[in-house]
Amino acid sequence: MKINVNAKDYTLDVPDNTSLLDALRVHLNLTGTKYGCGEAACGACKVLIDGHATPSCITPVASVQHKAIITIEGLEKDGKLHPIQQAFLDEDAFQCAYCAPGMIMAAVALKEKNPKPTRQEIVEAMQGNICRCCTYPRIINAISKA
Amino acid sequence: MNKPGIADKTSGRGISRRNFIKVLGGGVAVVLTWTDLNGLSRSLSAKPDEGSIAAWIHIHENGKISVFTGKVEVGQNIRTSLAQVVAEELAVPVDSIDMIMGDTMLTPYDRGTYGSLTTPQMGPKLRKAAASLREALAGMAAEQWKVDKQAVQAKDGRITHAGKSLGYAELTKGKKIVLPVNEQAALTPADKWTVAGTAVPKVNGRSFVTGKHQYVSDMAVPGMVYGKILRAPANGASLVSADVTKAKISSAVTIVQEDDFIGVTAPDPQTAANALAKIDARWNTTPQPSRAEIFTYLKNNSEQRDRGESKQEAARQAFSTAPVQLRQNFEIQYIAHVPLEPRAALAVWEDGKLTVWTGTQRPFGVQEELARVFSMSKDNVRVIMPDTGSGYGGKHSGEAAVEAARLAKKTGKPVKVVWTREEEFKWAYLRPGGLIEAAASAGRDGRLTSWEFHNYNSGSAGIDTPYETGVEHIQFHPSKTPLKQGSYRGLAATANIFAIESVMDDLARSLQRDPLEFRLLNLKDERLKNVLQTAATKFGWKEKKKAGHGYGIACGFVKNSYIAMCAEVTYDPSAEQLKVLRLTAAYDCGAIINPLHLENQVMGCILQGLGGALFEEIDFIDGRILNPSLSTYRVPRFADIPPLDIVLIDRKDLPSAGAGETPIVGIAPAIRNAIVDATGIKLHALPLIPQGLRKTT
């Protein structure tokens, strides 16, 4: 099986039913993408698939073989953070930060489509992401400022 | 990653005074003993030996500054705030300090990171240790220059005097000095702070936004396999038989069976899960209480433990003659912590020694648990706690660590166990449910005359009323819980203060008094009055509200910090829709060490509390949890978050208290009281919706 992650091609030998999340974390050692619930309810595992923020935990890796996958590890360019990453850092928009990679990926997808989202648009786009530490207002600020 | 298998360099209860300079190499260190800590707090029980080390700060001969503490980082940002107080006293930039935390080999024994104790206990003592180190360095420089010690100054990592200066590294080079805390070393007062008291960003923040930080669930070592554990179908079930033959789905799968413990390992988690699903197990279940009868059950199974001389009769006597009487029960459901990173552990055995990386608030407690399970000396068990994906009081135990270690021992390979969300809901522990019975009375002058308060099962934290009550009888009754329960942010204070503040509000309404004025009339504590007034002013409590809108207020204090909350709500009965329109909080925890991270703590605590206030509840029938997933157990999300205004009161004249718990206690009663104001409906259960408003309309 072949997949393209962060503009690199990989060949994988994985068991049946393997999720994209396990493929990334276990087989490619890209552990920035997190497990949170296993049922697409928390957003910790979101990655970009052809530009769409998608929960990787319920996405079979076999279904994304001809698509462009971007993970949190693929955002930094030449040592420079993506503007959303920088905004999260500047705003200190997290506590334990376990949700941060999924949040950042969802926010990147939102900003690609809508560079100047309103507060309400941010809330709607981010509704699938849980921050259990609940620093939601800071995350909204970070996305607004990025 | 630290190399496993070096658990033997130090004693099992953390590093000892004798051997640590050997481990660390040369330099100058100040050690802080438990005796030093006890001077500050007598509340520590089960202390290790007097004189054993509690924490220390070391300046290596190369100038590197390391702070060693058994405390752990779970998102509350003590890695940053403790570094700040040390940097302040040592006169160095905060990024020159390396915090070594929560590693049973490298750091001194610590009972755990809970109870809002890090900031009030470890913080001041690390300040004292840092000041002692600064004084010692100043003394060395003064001796070298043959000048009076009072004439030299510490600045930017150097000791200076009359145009001369020596860096800390130059002073510590070739030295092997271990010093006790110097009680005479002067601390920088909070109003002179330049590093502490400022918004220092999260230490290592960049590694979190890039996904590079390795949580335990992200870790891997060569040859590692993934473990999965067979679980019972319900609480109280026991294994009758298990046929594991079909689980051997490939040669790489190993099945481990030891009595009731059955686990599988495989080179990847999917194969392990596939194998586990093939085990044919039969279970014997026993009848267990269900949610429908839980409050009767908790009361019927409770103890009548008394707190000293009972004033129950006196309270009842005063109640019976009072012109305004209120008697009310409150029901508090069990809720889950839901740390976004579930329990995880990676265990490695090497030459009979065990090393486990695990996300826990009590690494030394888990070390003891492992030593007990494997009947081995603590000296041969090392537990390491990398910064973890949150806890909220929910990660005091070491289940995943024990499971990973059992599988690793049997398979002879490193094993990682990461719990699923369902396991975390079902097999971790919960915030206790509870029943509260309250009876209170007041005179026509608006002053309380009696107060009787019983809490069954949820706990005694925050049970004492802050109000002047006349005669009072307050009692916590421990009970038999059908579900595993344990610590949680604020413990029972969320339940007790919800009941206290609901009673106070209802009494105010019976007396036709303003709920804020009624509280102030019955309060003596100036700090609590101050947060109430500050929140009310910021909120616009006295301003006219729109038709159909309700204002609510509540306050509370636990663990030396003070919260007051105001809420504005509307309720649309036809749509059965409650809207929390805005929240205002005022919070006082003494001198603020990091205003940015304090605001994160207060904000996070309040908004997490919104879940327990409005909709979080564990549903269960016959010992089975019915909503063990994030699609069925609702936690606060972006759309639930109302505008939140936080006023932080910086009391530079007072010691800093911990802030991870108290802010959670005010939100539920503030919203509840706002609902009463908007609709006249008095709710007496947590969570408040969905069932509450529907039932009563």
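Biologist: In what order do the 4 strands of the open sheet in chain B run?

Modeller: The order is 22-23-24-27, with mixed pairing. Strands pair here if DSSP finds at least two bridges between them. Helices (H or I, at least four residues) and strands (E, at least two) are DSSP runs, numbered from the N terminus. This is a predicted model: local features need pLDDT of at least 70, side-chain atom pairs count only at pLDDT 80 or more, and totals for chains, interfaces and linings use all residues. Residues are numbered from 1 along each chain as its sequence is written, and chains are lettered from A and ligands numbered from 1 in the order in which they are written.

Biologist: Which are the edge strands?

Modeller: Strand 22 (549-558) and strand 27 (644-649) of chain B, each of which pairs on one side only. On average, neighbouring strands of the sheet are turned by 15° against each other, direction ignored.

Biologist: How many bridges between strand 23 and strand 24 of chain B?

Modeller: 11, in the antiparallel sense, between residues 561-572 and residues 577-588 of chain B. A567(B), for instance, has L583(B) in strand 24 as its bridge partner.

Biologist: Which helix packs on the sheet?

Modeller: Helix 16 (residues 595-614) of chain B, which touches strand 24 and strand 27 of chain B. The direction of helix 16 makes about 130° with that of strand 27 of chain B. Axes are lines fitted to C-alpha atoms, for helices over the stretch in contact, and angles run from 0 to 180 degrees between N-to-C directions. Contact means that the C-beta atoms of two residues, placed from the backbone, lie within 7 Å.

Biologist: Changing topic. How many residues does each chain give to the contact between A and B?

Modeller: Chain A gives 44 residues and chain B gives 49 residues. On the side of chain A, helix 1 (20-27) is one of the elements that give two or more residues. By class that side has 26 nonpolar, 11 polar and 7 charged residues. Ala, Val, Leu, Ile, Met, Phe, Trp, Tyr, Cys and Pro count as nonpolar, Asp, Glu, Lys and Arg as charged, and the others, Gly among them, as polar.

Biologist: Is helix 1 of chain A mostly covered or mostly open?

Modeller: Mostly covered, with 7 of its 8 residues buried. A residue is buried if 20 or more other C-beta atoms lie within 10 Å of its own, exposed if 12 or fewer, and partly exposed in between, with C-beta atoms placed from the backbone. The buried residues include L20(A), D22(A) and R25(A).

Biologist: What covers them?

Modeller: The cover includes strand 1 (2-5) of chain A and helix 7 (269-276) of chain B. Helix 7 of chain B is itself largely enclosed by the rest of the structure, because 7 of its 8 residues are buried. Its cover includes helix 1 of chain A together with strand 9 (225-229) and strand 12 (261-266) of chain B.

Biologist: And chain A as a whole, what's its secondary structure?

Modeller: 5 helices and 5 strands, in the pattern β-β-α-β-β-β-α-α-α-α along the sequence. The radius of gyration of chain A is 15 Å, close to the 15 Å from the globule rule for 146 residues, so chain A is as compact as a globular protein of that length. That radius is taken over C-alpha atoms, and the rule is 2.2 Å times the number of residues to the power 0.38.

Biologist: What share of the residues of chain B count as buried?

Modeller: 55% of its 697 residues.
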